[in-house]
Amino acid sequence: MNNSSHRLIRYRSLLSALVIALVLGLASGPAAGGAAKPKVAKEKQLVLDWLDKPETIEKFGKISDAIWEYAELGLQEFESSKLLADTLEAAGFTVERGLAGMPTCFVATYGSGKPVIGLLGEFDALPMLSQKGRVPKKDPVVEGAPGHGCGHNAMCTAAAAAAIAVKEAMVAHGIKGTIKVFGSPAEEIVASRPYMIRTGLFEGVDAVIDNHSSDGFGTDYGVGGNALFSTIFTFKGKTAHSAGAPWVGRSALDAVEIMDVATNYLREHLPISQRMHYVILEGGEAPNVVPDKASVWYYVRSTDEGLEDMYRRVVDCAKAGALAAGVELASMRVVSAIHQRHANKAAAELFQKNIELVGMPTWDDEEQAFAKALQKELGAEQKGMPKEVDKLEAPSGMFVGGGSSDVGDVTMIAPTATIGFPGSVPGAIGHHWSNVACFYGSTAWKGLNAGAKAIAASAIDLLTKPEELAKLRKEFEEYSKLHPYKPFLPADAQPPNDLNKELMDKYRSALGKALAGK
Ligand SMILES: [Zn+2]
């Protein structure tokens with residue numbers, strides 16, 4: 001916390017200028033008033049007004065920037081998680097920390113009884129993406145260090161801001177029910193939500209509002225993304241002098257390489273929507289010693305229906321590698337296993353109305369200039385920041401696979417949809433330095449504020465209009481009968497609290513020093 005405060009003070013002059021710009025920019029947004037202002041219930045107007053205050057925008061903007069600077073990898077988000085949990089606790093929420101076997105997982109609760117509305121919030125970074133904020137060309141803070149290439153720094157921050165706004169309205173207007181923030185670590189390794197569900201953290205939750213950063217402002221519904229097994233295969237062989245007596249040794253690395261060749265042949269015979277990729281975690285330390293230990297980390301992705309069969313065939317490739325190399329397949333550690341997203345249409349329709357009510361933030365000249373410079377650098381169309389919110393469209397008729405999120409499991413145990421809020425530059429690339437550059441400073445502040453307004457307004461609807469919540473519940477209950485939740489996560493799997501430790505330990509102090517010297 002001390003480091004963070006010092007760093008924040010150094011940005012004070014920049015931030016003051018941003019705050020003035022933000023106030024001017026947001027004041028012209030639809031939620032702040034004007035002739036076209038739609039009729040809004042007093043409870044909802046309170047959350048919009050509370051989030052519109054310059055001090056609110058600045059407070060949560062600074063939290064987002066601090067988490068961006070920490071750039072903590074999954075399950076190493078100690079400072080990020082603490083900052084968010086402390087903020088919610090100081091605002092009157094009851095916070096439980098270190099849940100579901102994960103030190104950085106927390107749940108913050110305000111109120112009691114039904115209905116129970118949950119907000120999801122992620123806060124982890126990605127490896128290798130370090131980049132200076134709002135610099136439109138590749139320029140790392142620390143070469144090789146992690147960076148927020150998916151905007152997760154702004155995401156749990158938006159959920160926390162929304163939850164506190166809702167609490168203010170609950171107090172002022174005597175609204176009954178419960179609002180919860182699910183502080184969800186390690187989304188980038190899709191590794192918290194199945195464990196959180198297994199522990200029972202979501203029991204009794206009536207509806208869930210998820211959020212994700214975006215280059216637009218919208219929501220969607222239907223089945224999307226891929227289900228996934230994330231597994232580390234470890235082989236054990238026998239060491240030997242690679243030149244002196246190699247016939248004595250049995251190379252564990254050989255097994256990894258044979259497995260990888262086999263899975264690459266397997267690709268031809270899998271459905272087109274599958275995705276499969278791997279990195280070698282251990283493969284020996286010097287060519288002149290036969291490696292007796294090697295491991296490879298696989299992401300195996302397919303539809304809910306196709307995943308288990310595809311995974312079984314990948315396991316066969318691992319066994320084949322071990323057999324051919326004469327080594328042992330010592331372990332298959334399932335880091336996580338998740339379902340596709342099954343987003344609720346009634347939830348998306350409700351969220352869309354609030355997205356339209358909030359409207360796209362007004363971007364100033366500096367923000368447009370940064371966007372165009374970044375678009376030029378990336379060879380994208382130089383169209384600046386987005387002007388309008390997205391329309392709610394029916395899901396695409398053709399499924400072509402793609403990424404995964406552990407929100408998928410949540411969508412199967414409670415009606416859930418995701419509010420995508422702006423901040424990124426159209427043309428910037430996800431999981432790439434260009435997205436890291438976007439999610440620091442003014443556009444991230446405005447984007448997360450707009451997202452928080454849409455989340456809070458939707459939570460108010462679900463808390464105060466039983467007929468709206470009933471629509472989500474009815475759809476969910478009918479859907480669940482056809483698609484009951486059965487976790488892919490094996491019963492004995494444990495959260496991978498160790499997985500990113502070494503990497504984060506390597507960069508944590510270097511990042512702190514680099515930013516301190518800024
Ligand atoms: Zn993400």
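Analyst: We may begin with solvent accessibility. This is a predicted model, and H212 is partly exposed in it, with a relative accessible area of 23%. The reasoning rests on a cut-off: a residue counts as buried under 20% and as exposed over 50%.

User: Which protein atoms are the donors of the zinc ion?

Analyst: A metal site is read from the atoms that surround the ion. Here the protein donors are C150 (SG), H152 (NE2) and H212 (NE2), at 2.1 to 2.3 Å from the zinc ion. Along the chain, these donors follow the spacing C-x1-H-x59-H. C150 belongs to the loop between β3 (116-122) and α6 (152-173), whereas H212 belongs to strand β5 (residues 207-213), so this pair ties together parts that are 62 residues apart in sequence.

User: Is C150 buried or exposed?

Analyst: C150 counts as buried because its relative accessibility is 12%, under the 20% cut-off.

User: Where does E72 lie, and with which side chains does the side chain of E72 make polar contacts?

Analyst: E72 is in the loop between α4 (54-70) and α5 (78-90), and E72 is buried, with a relative accessible area of 0%. Its side chain makes a polar contact with the side chain of S80 at 2.5 Å and another with the side chain of R508 at 2.6 Å. Beyond four places in sequence, the residues that E72 touches include F123, D124, H148 and M504.

User: How many aromatic pairs does a search of the whole structure find?

Analyst: Aromatic pairs are described by the separation of the ring centres and the angle between the planes. The search of the whole structure finds ten aromatic pairs. The rings of W68 and Y440 have centres 4.4 Å apart and planes at 45°, so that pair is tilted. This pair links distant parts of the chain, since W68 is in helix α4 and Y440 is in the loop between α13 (433-438) and α14, 372 residues apart. W68 is buried at a relative accessible area of 5%, and Y440 is buried at 5%.

F233 and Y298 form an edge-to-face pair, 5.9 Å centre to centre with 90° between the planes. Because F233 lies in strand β8 (residues 227-236) and Y298 in strand β10 (residues 293-302), the pair ties together parts 65 residues apart in sequence. F233 counts as buried at 0% relative accessibility, and Y298 is buried with a relative accessible area of 0%.

User: Which residues form one aromatic cluster, and over which ring does the charged end of R134 sit?

Analyst: F229, Y311 and F488 form one aromatic cluster. The charged end of R134 sits over the ring of F370, 4.4 Å from the ring centre.

User: With which residues is S230 in contact?

Analyst: Contacts can be read alongside position and burial. S230 is found in strand β8 and counts as buried at 0% relative accessibility. Leaving aside neighbours within four places in sequence, S230 is in contact with W297, Y298, Y299, R333, V334, V335 and S336.

Note on methods. Residues numbered from 1 in each chain as written. Predicted model: local features only at pLDDT ≥ 70, side-chain atom pairs only at ≥ 80, totals over all residues. Heavy atoms only, no water. Helix = DSSP H or I, 4+ residues; strand = E, 2+ residues; numbered from the N terminus. Buried < 20%, exposed > 50% of the residue type's maximum accessible area, 1.4 Å probe, protein only. Polar contact = N/O pair within 3.5 Å; in protein donor to acceptor, adjacent residues only side chain to side chain. Contact = heavy atoms within 4.5 Å. Donors = N, O, S within 2.8 Å, 3.2 Å for Na, K, Ca; no water. Phe/Tyr/Trp six-rings, centres within 6.5 Å; stacked < 30°, edge-to-face > 60°. Lys NZ or Arg CZ within 6 Å of the ring centre and 35° of its normal.
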